[in-house]
Amino acid sequence: MTQAKILPLDTLAPRLEEARRQGLRIVLANGCFDLLHVGHIRYLEGAKARGDILVVGVNGEASAARLKGPGRPLLRAAERARLVAALAAVDYVVVFDDDTADGLLARLRPHVHAKGTDYTLDSVPERETARRLGIEVAIVGDAKLHSTRALLASIARRFSR
């Protein structure tokens, strides 16, 4: 069932067009999701609360490596996409290789672009694209107290003894 939520962009876009015609509100969230943690869950649940359909863009290996640095991602994009798709809040997952979600916004035209609390409305990388396309930007989730980087550091400290 989770695999069925993961769609290529060319399949997802027309499906969302149909949902839009039915009056459903579409939300796009995005990230690397390299080692899923509670902050990711709260972010995606907050995003889902902004609409009817939650689409999550998961960065592919190359863009995750550029964004996160050496040694990352830990998991392949297909594995990260499958983990995200297993979450109840998530309706669809699409893997993309850009460093920002600008291309996804342009192609999918969601009503809302949700970002986590590590952003402000002024620091969202896609803010100009969202503004130009009339897409609302929403900051959702809990305070940024969780990160994959911190989790990895904790693991390294615990098991390097």
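Trainee: What should I know before I start reading?

Mentor: This is a predicted model, in which local features need pLDDT of at least 70, side-chain atom pairs count only at pLDDT 80 or more, and totals for chains, interfaces and linings use all residues. Residues are numbered from 1 along each chain as its sequence is written, and side-chain values use heavy atoms, with hydrogens and water left out.

Trainee: How many helices and strands does the protein have?

Mentor: Helices (H or I, at least four residues) and strands (E, at least two) are DSSP runs, numbered from the N terminus. Here there are seven helices and five strands. Starting at the N terminus, their order is α-β-α-β-α-α-β-α-β-α-β-α.

Trainee: What does the radius of gyration tell me about the protein?

Mentor: The radius is taken over C-alpha atoms, and the globule rule is 2.2 Å times the number of residues to the power 0.38. For 161 residues a compact globule would come out near 15 Å, and the protein has 15 Å, so the two agree. The C-alpha trace spans about 60 × 35 × 25 Å along the principal axes.

Trainee: And how do I read burial and surface?

Mentor: Buried means under 20% relative accessible area, exposed means over 50%, and partly exposed lies in between (1.4 Å probe, protein chains only). By that scale, 43% of the 161 residues count as buried. For the surface, areas come from the Shrake-Rupley method with a 1.4 Å probe, and for residues only the protein chains shown count as cover. The protein exposes about 8,400 Å², with carbon and sulfur atoms supplying 54% of it.

Trainee: How far apart are the mean positions of the positive and negative charges?

Mentor: Lys and Arg count as positive, Asp and Glu as negative, while His and the chain ends are not counted. Each charge is placed at NZ of Lys, CZ of Arg, CG of Asp or CD of Glu. The mean positions of the 25 positive and 19 negative charges are 4 Å apart.

Trainee: Which residues form the aromatic pair?

Mentor: A pair of aromatic rings is described by the distance of the centres and the angle of the planes. Rings of Phe, Tyr and Trp (its six-membered ring) pair if their centres lie within 6.5 Å; planes under 30 degrees apart count as stacked, over 60 as edge-to-face and the rest as tilted. The structure holds one such pair. Phe-33 and Tyr-43 are stacked, at 6.4 Å centre to centre and 15 degrees between the planes.

Trainee: What does Ala-29 touch?

Mentor: Contact means heavy atoms within 4.5 Å. Ala-29 lies in strand 1 and is buried, with a relative accessible area of 0%. Not counting residues up to four places away in sequence, Ala-29 touches several residues, among them Tyr-43, Leu-54, Val-56 and Ala-114.

Trainee: Where is His-113, and what does it touch?

Mentor: His-113 is in strand 4 and is buried at 0% relative accessible area. Leaving out residues up to four places away in sequence, its contacts include Leu-28, Asn-30, Leu-105 and Val-137. Val-137 belongs to strand 5 (residues 136-140). Apart from neighbours within four places in sequence, Val-137 is in contact with His-113, Leu-121, Val-124 and Ala-130. Across the protein, among contacts between residues at least 6 apart in sequence, 75% join residues at least 24 apart.

Trainee: How accessible are Leu-35 and Arg-109?

Mentor: Leu-35 is partly exposed, with a relative accessible area of 23%. Arg-109 counts as partly exposed at 41%.
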